[in-house]
Amino acid sequence: MADQHDSTPPGPYIPATTSLPEITIKAVGLGIILSIVLGAANVYLGLKAGMTVAASIPAAVVSKGVLRLFKRSNILENNIVQTAASAGESLAAGVIFTIPALVLLGEWQAFDYWQTTMLAALGGVVGVLFTVPLRRALVVHSDLAFPEGVATAEVLKVGQGGEAGISRLLAGGGIGAAFKFGESGLRLWSGAAEAATRVGGSIAYIGIDLAPALVAVGYIVGLNIAVLIFLGGAANWFVAIPILAAMQDLPDAPAAAGAAHTLWSTQTRYIGVGAMVVGGLWALLRLWPHLVVGIRSGLQAYRTLRTNGADSLARTDRDAPLPWIGAAVIVCVIPLFFVFESVTGQVWVAAVMAVVMLAAAFVFSAVASYMAGLVGSSNNPVSGVTIATILMSSLLLLAMGTESAIGPAAAIFIGAVVCCAAAIGGDNMQDLKAGQLVGATPWKQQVVQVIGVLAAALVMAPVLTALLRAYGIGPITVEGQQALAAPQATLMASVAQGVFARDLPWDLVAIGAAAAVVVIVIDLILEIRGTAFRAPVLAVAVGLYLPLGLATALLAGGLVAWAASRFHIRRMADEAEGQLSSKRREARDMGQRHGLLFAAGLITGEALLGIALAIPIAAMAGHNPLALADWRPLTWPGLVLLAVVMVMLYRVATRTAPSDVSG
């Protein structure tokens, strides 16, 4: 927790007076490869689950395993690798939350390569640039926890995570890939288990997505967040949908399941819109004082550097020069202006869009940076601030007289840049925190972060196009395949279109906003009481607009994480007077790390196999050449196998054999 940190930053692992190679060919090359691979994998995961997971720890483990094959390598090179690699995952979040909305709106028939690449690349670079002045305030001189950054630094520092860590990662990857091949490739079982029926004049529905990747996401985010997401889903699917169903004439089972999904997609999901807007504005309100302090601190550091020279700052405290940052921002804004002008056909509207984009990207990059320090990158409310951006941009463009034919797409273009910038901003701060702890040079990390962004941006459009043609995205379906839900992108499209069509269901939006206020009050009470369980409003809001099957799978993963944690607590209680021996502490920490790596492997394996399967399916115009038969897939094999995967995840996370302790 934040109050466990004092105001004095810890000394770096590598002293500032020691200089080691950092930006080397092998480190940058491996970082680029991992950025592309992990970025592509998270495109699939984000479209399927509505969220991505931080890639720094798996990248650090892979880096340690690969670079040790070279005669000379060091911890700072490993840090460079994870810095570049994590950019791909974060950029994927910014892309899949927004850009698919352009296809859903009918603006694009497929993902335009150059516009997609420019939005992703320039938005990500802007996110890196805007967070440079905030490093000292948020990373060095604050008590923010930066959980993933601290964990990454520990993986880099300790002598664990080599062969053993990679073996867990590969094992999870193999299982995730095999599961996906059986479900989406051979079509041996269904991708979801659901049931619905009419109860009186209403509908009762329950469902779970049969995907190890979703269970793994729930494991990584933990029970607290998983429970909140599920509670948001339960409020929608167990309360709001039945109420609306009772007011309408809907079909009996088995069509009741489709009716429930229709109510969610066309009506009750807007409750999540209201909750996300309030949550995003609440985050900005709480973080504004820290934003001001951060800007002042960055400017003061620059003045000191100009007055006293480069030697006045230690190697571990040197950022990219602010004049370069300003010039780079201008370089990024100019091509974005022309992209906006090509969409609207009006210079002055494009100019307003560029100004709004720039202001929102700066503010929300800072918000995302602070939130990454508070709750971690995986729990960062990027989609919340993007929803707020698109809603406000849509209202502004509407007030300017923008036509409804181009207005929604224009708002999405703004939101895409802001979302990419915010996602990269939070990730950048996690990386810089890890770098601070191991003794890296900040400006070198910032350069490599840009390299990672540009590398991942090059593959975003091809991956998106392959997935669209193979599986379908949102309401765009492919026969015989379970479409990727793309919940955020679908929601962004609905909000932008609803504003210009003037048919946004403001009553449901207001209900969501009121619900968010209630959750905020509850979380403030929990904060005052100092409870371990917290209720961040945006986690509940995510659940409100996710399909229930996704939320249920996330809850299953959270329960596995809780069970593994309870196992270690019981082992701790066995020690005399409740003291945990150093050997058992090491075993517990390694079990938790291996569980994390196994979960990351499940995600990566399923995602990469899903992308690989997309190639032949897309080539066959949506027909799956690998399917064994045309019958409707069974459900029970998937349920049984998912339970087996959950047991395996638990066993990996709780294995504390002496061989594990010895590394």
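**Aromatic and buried contacts**

Arg269 lies over the face of Trp264, with a distance of 5.1 Å to the ring centre. The model is predicted. Trp264 also belongs to an aromatic cluster, together with Tyr205 and Trp237.

Charges over rings
- Trp264 carries Arg269 over its face, and the ring of Phe70 has the charged end of Lys26 over it.
- For Lys26, the distance to the centre of the Phe70 ring is 5.7 Å.

Aromatic pairs
- The count of aromatic pairs comes to 7, taking ring centres within 6.5 Å as the criterion.
- Tyr113 and Trp114 have ring centres 5.1 Å apart and planes at 85 degrees, so this pair is edge-to-face; the cut-off for that class is over 60 degrees.
- Tyr113 counts as partly exposed because its relative accessibility is 29%, a value between the limits of 20% and 50%.
- Trp114 has 61% relative accessibility and therefore counts as exposed, the threshold being over 50%.
- Tyr205, Trp237 and Trp264 form one cluster of aromatic residues.

- Ser394 is placed in helix α13, which covers residues 382–399.
- Is Ser394 buried or exposed? Its relative accessibility is 0%, so Ser394 counts as buried.
- Leaving aside residues up to four places away in sequence, Ser394 touches Ala411, Ala496, Val499 and Phe500.

How values were computed: Residues numbered from 1 in each chain as written. Predicted model: local features only at pLDDT ≥ 70, side-chain atom pairs only at ≥ 80, totals over all residues. Heavy atoms only, no water. Phe/Tyr/Trp six-rings, centres within 6.5 Å; stacked < 30°, edge-to-face > 60°. Buried < 20%, exposed > 50% of the residue type's maximum accessible area, 1.4 Å probe, protein only. Lys NZ or Arg CZ within 6 Å of the ring centre and 35° of its normal. Helix = DSSP H or I, 4+ residues; strand = E, 2+ residues; numbered from the N terminus. Contact = heavy atoms within 4.5 Å.
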